[in-house]
Structure formats: C-alpha cells, structure tokens
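Work through the exercises below with the model open. Try each task before reading its solution.

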Amino acid sequence: MRLLQFSTSHYCRKARLALGYKGLSYEVSNLTPGVHRFKLKPLVGLTTVPVLLPEHSDGPEAVGDSTDILKFLEQSYPEMPLTWGDRDRDRRAWLLEDWLDESIGTATRFMYYDFRAKEGKSVNPSWFAQTLVKVVRFQYEITPAGVKLARDRLNLALTELEQLWKDQPYLVGDRLSVADMAAAGLLSPLALIPHYRQNYPWLFERIEEIHQHCHEPLPPGLTS
C-alpha cells in the first residue's frame, strides 16, 4: 500500500493517522507540488493529496480525498474500527469529520500560511520554502479578510471541541473514531503558532496522545 502525499499536508496527516491506528503497513511517496497534478489527475480525476494506492488485486487502483480514504479503510480493514456500526454514533462521527474536513481544515490552512508568511518565516527561511508559501497563499486566495474569517471559525471550533473533549478523551463514543483522526490531523499545524500553543494546551495534549496511539511521528511544534 502506498500513500501519495505532501509531507507537510495536514490532510495527508489525517490519512496517516488512520492507517497507523489500523496497524496497516504502507509506504509514502512525497510528490513535488505543481508537478503532482500530472500524476494524480489520471489516477483519481483530482489534483489534491492524499491519494492512496491499495495495490491489491481486488480493490480500486487508487482512492483520492482523505475522507474517502478513511471510508475505504473502514470498509476494507474492519479491525481496529473507526466507527461502530451504530447509526446514531456513526452519523455523529461522520458529521464531525465532515465539518472538520471542509471548514476547519481550510481555516487551519489559512492561519498556518498567514503565520508562515509573517512572523513564522523563521520556521524555514529558505528560498524554496518561502516561494512555496507564496504559491499556496495565491492558490487558495489567502487574504486578510479570509484570515479573519478563518480565525473566527477556529475560535468557535476550539470552544466546541473543548466542550466535547472536556469530560472524555474521545469526540464520539468510548474510543477513537474518524472524528478524532480528523481533529488531530487537521488542527496539527496550529502547533507551530505561539498563540494557539499558549491558549489551547489541552488541544495539543490530545493531538499528541492520538499521534502516539496511532504510531505517527508528532507534527512540527510538538517534537522535542
């Protein structure tokens, strides 16, 4: 099994957490931004990572989109389940996963690349890294107005997540689910931003716990 990815993508991290939780063996191929579209488009009709290549005779050739990868893994590898087979709990978990994927993951991207373009330049001041930051900001139209909206969305999201995680270690039910994978992966870039590290220590404690449980290396900002 092979995962086509950008090493810095939080959507790819989400997929790796699920693969690690299920104990599946896989390799990663780190693609070059820009050129990657020529490899991905023929495979899945998309130009975004991650893309999973199951490399199994009775499965699909490729699965694109992090949510579809989680659904594929859950259907094809039922051990260490990320859902319950219970309508209400599964519906709640997938609703949270979708919200985190479509809204909060995007907000995280805006805040992260705004940080990297300003006070976070020192994270990687190389010409290549700074050029990549500029390309991403242009590609996703990261403007001051968009950053403000992203900040507001994250503030509301973190208030909600704190309530959900306050009395139990899981967002839904009594064990890790697709919702926890999405939260731990898609919010992980915030670990490099001092404001979030200082004001939401509970978030990064939970992100670290989930990464350790899934045997996934900690994201930048949480490594010692």
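**Exercise 1.** Does Glu216 count as buried or exposed, and at what relative accessibility?

Solution. The model is predicted. Buried means under 20% relative accessible area. Glu216 has 10% relative accessibility, so Glu216 counts as buried.

**Exercise 2.** Find the salt-bridge partner of Glu216 and say which parts of the chain the pair ties together.

Solution. Step one: the partner is Arg16, with the closest N and O atoms 2.8 Å apart. Arg16 lies in helix H1, and Glu216 lies in the segment after H9, so the pair ties together parts that are 200 residues apart in sequence. Step three: check burial. Arg16 has a relative accessible area of 7%, so Arg16 is buried.

**Exercise 3.** Locate the salt bridge between Lys22 and Glu74, then describe its setting.

Solution. The side chains meet at 2.9 Å, N to O. Lys22 sits in the loop between H1 and E2, while Glu74 sits in helix H3 (residues 66-76). The pair links distant parts of the chain, 52 residues apart. Both Lys22 and Glu74 are buried.

**Exercise 4.** Compare the two ends of the salt bridge between Arg206 and Glu209.

Solution. The side chains meet at 2.6 Å, N to O. Both residues lie in helix H9, three residues apart, or about one turn of the helix. Arg206 is buried, with a relative accessible area of 9%. Glu209 is partly exposed, at 40%.

**Exercise 5.** Which strands pair with E1, and in which sense?

Solution. Take E2 to begin. Strand E1 (residues 2-5) pairs with strand E2 (residues 27-30) in the parallel sense, over four bridges. The chain crosses from E1 through helix H1 (residues 10-21) to E2, and this β-α-β crossover is right-handed. Within the pairing, Arg2 has Glu27 as its bridge partner in E2. Now take strand E3 (residues 51-53). E1 and E3 pair in the antiparallel sense, over three bridges. Here Leu52 is the bridge partner of Leu3.

Technical notes. Residues numbered from 1 in each chain as written. Predicted model: local features only at pLDDT ≥ 70, side-chain atom pairs only at ≥ 80, totals over all residues. Heavy atoms only, no water. Pairing = 2+ DSSP bridges. Helix = DSSP H or I, 4+ residues; strand = E, 2+ residues; numbered from the N terminus. Right-handed = clockwise from strand over helix to strand, strands pointing away. Salt bridge = Lys/Arg side-chain N within 4 Å of Asp/Glu carboxyl O. Buried < 20%, exposed > 50% of the residue type's maximum accessible area, 1.4 Å probe, protein only.
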